[in-house]
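Open the model in your viewer and keep the selection tool ready. We will go from stop to stop, selecting as we go.

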Amino acid sequence: MNIIDFVANNHDRFKESKFGDVDSLVLCQVYYTRLEVVLDGEDVERESAKWPLKEFNKAEYFKDMFNDAITDKQNFELMQNVFACRRYRDILVKSIVSELDESSTKQFAACCYELDADTDYVCFRGTDGTILGWKEDFEMSFKPEIPSQANAVQYLEKHYGKGSAGENKRIYVGGHSKGGNLAVYAGLMCSQDIQDRIIKIYSHDGPGFRNEIADMLSDIIDRGAPPIVKQVPQASVIGMLLTQPGDTSVIKSSGIGGFMQHSAYSWDVEDGNLVELEQLTKGSKYVDRTVQSWLMSADADSRQRFIEALFSLLLDNEVDTVHDLKKISPTKLVDMKKSFDSFDEQTKELIEGMLRNLAKIAFREIRPDENKDI
């Protein structure tokens, strides 16, 4: 059973069956659909503007809502069940924000779900299909704070700080992928008044933080921060990047390899809960060692040069979305490698070294014996 099956078969209202980890994952995936696109021009950030999820069940919306070319089919199936499900269909969504800013390398999206009159779920969307969004993720490795992290804190303060409409509300804060990173960061860096009203913070396979940021967040956790639910699939790749403050639970996934397991649709649900395992696969531990060793071996300036060079290379070759990566032919790859000649020797070594490591990771991903020791 996955989250689609869970929604299709669970019609208890929250007063009959309390909000849990699976609900958090469902609401995170719901916001991967482009609700803001179909509401364009309706002043979606206005505090009084609220829409029940079932109101999005209109055929004329679907082309805009399901357009990421990654999980459209599953998103459509999930939403059809959400629209019909007594547990979710009347949830009000509000305070919808979506920003894409090339000048600051920012891809940020957030919304609030009103679970009841006194409780909201604040959802930060994960990385979308844009190369800009993925570049911002990589920038976590050398920037003390990326633009989306700053925006996430501001979002909580605006909607739940002193003088706001939500100043007395209890809240959950969560996200999948980069959204999980933003949830942890915002939930720990917001004002004490908001922290005191946070019930839980959810990070579903969200990447971690630079060591100094992780240490700072760990100090906040030690002083009595809201409880954090950090979950990664058994062969996690994304959620094992950088340093993770707090404890992590391992979730059983039906996906083949870590990148496929990043999808929320691959996570196993049983008896209304995500199925937990004792530890990561050896394949995930290998990926963790490989990527972390590269990140830790290069100083911040080197990481920045590598990331700027890599993404300039992609954008110069008209790779604007993750979907465009699928269109790169072997001939195009050869041409792209030739363009390395325009970089200085140190940057070329960094790129070639990272590509070698990524090749090892990819090989490890497709090996059937991924649990063998290396």
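**Stop one: a helix and its cover**

Select α10. The cover over its buried residues includes α8 and α9 (192–195). Contact here means heavy atoms within 4.5 Å. Buried means under 20% relative accessible area, exposed means over 50%, and partly exposed lies in between (1.4 Å probe, protein chains only). Helices (H or I, at least four residues) and strands (E, at least two) are DSSP runs, numbered from the N terminus.

This is a predicted model: local features need pLDDT of at least 70, side-chain atom pairs count only at pLDDT 80 or more, and totals for chains, interfaces and linings use all residues. Residues are numbered from 1 along each chain as its sequence is written, and side-chain values use heavy atoms, with hydrogens and water left out.

Which residues of α10 are buried? Pick out Ile213, Ala214, Leu217 and Ile220. Now look down the axis of α10. Its buried residues fall within an arc of 115°, so they line one face of the helix. The arc is that of the directions from the helix axis to the C-beta atoms.

Next, check the length of α10, residues 211–222. At 1.5 Å a residue, its 12 residues should span 16 Å, and its end C-alpha atoms are 16 Å apart, which agrees. The expected span is 1.5 Å times one less than the number of residues. Step just past α10 to Gly224, which takes a positive phi of about 105°.

**Stop two: Met189**

Select Met189, found in helix α8. Met189 is partly exposed, with a relative accessible area of 30%. What does Met189 touch, not counting residues up to four places away in sequence? Show Val153, Gln195, Met216, Leu217 and Ile220. Met189 and Leu156 are 33 residues apart along the chain, and their C-alpha atoms are separated by 9.8 Å.

**Stop three: the sheet**

Colour the strands. An open sheet of 9 strands has the order β1-β2-β3-β4-β5-β6-β7-β8-β11, with mixed pairing. Two strands pair if DSSP finds at least two bridges between them. Look at β1 (50–52) and β11 (276–277). They stand at the edges, each with a single partner strand, so one side of each is left without a neighbour in the sheet.

Now bring back α8, residues 178–189. This helix packs on the sheet, touching β3 (106–116), β4, β5, β6 (198–204) and β7 (228–233). The direction of α8 makes about 150° with that of β6. Axes are lines fitted to C-alpha atoms, for helices over the stretch in contact, and angles run from 0 to 180 degrees between N-to-C directions.

**Stop four: β3 and its partners**

Select β3. Of its 11 residues, 10 are buried, so β3 is largely enclosed by the rest of the structure. Strand β2 (residues 92–101) pairs with β3 in the antiparallel sense, over 8 bridges. Find Asp101, which stands opposite Lys106 in β3.

Go to β4. β3 and β4 pair in the antiparallel sense over 6 bridges. They form a hairpin with 2 residues between them. Select Cys112; its bridge partner in β4 is Val122. Val122 also stands opposite Val173 in β5. Here β4 (residues 119–124) and β5 (residues 170–176) run parallel, joined by 6 bridges.

**Last stop: the whole protein**

Zoom out. The protein has 16 helices and 11 strands. Of its 374 residues, 56% count as buried.
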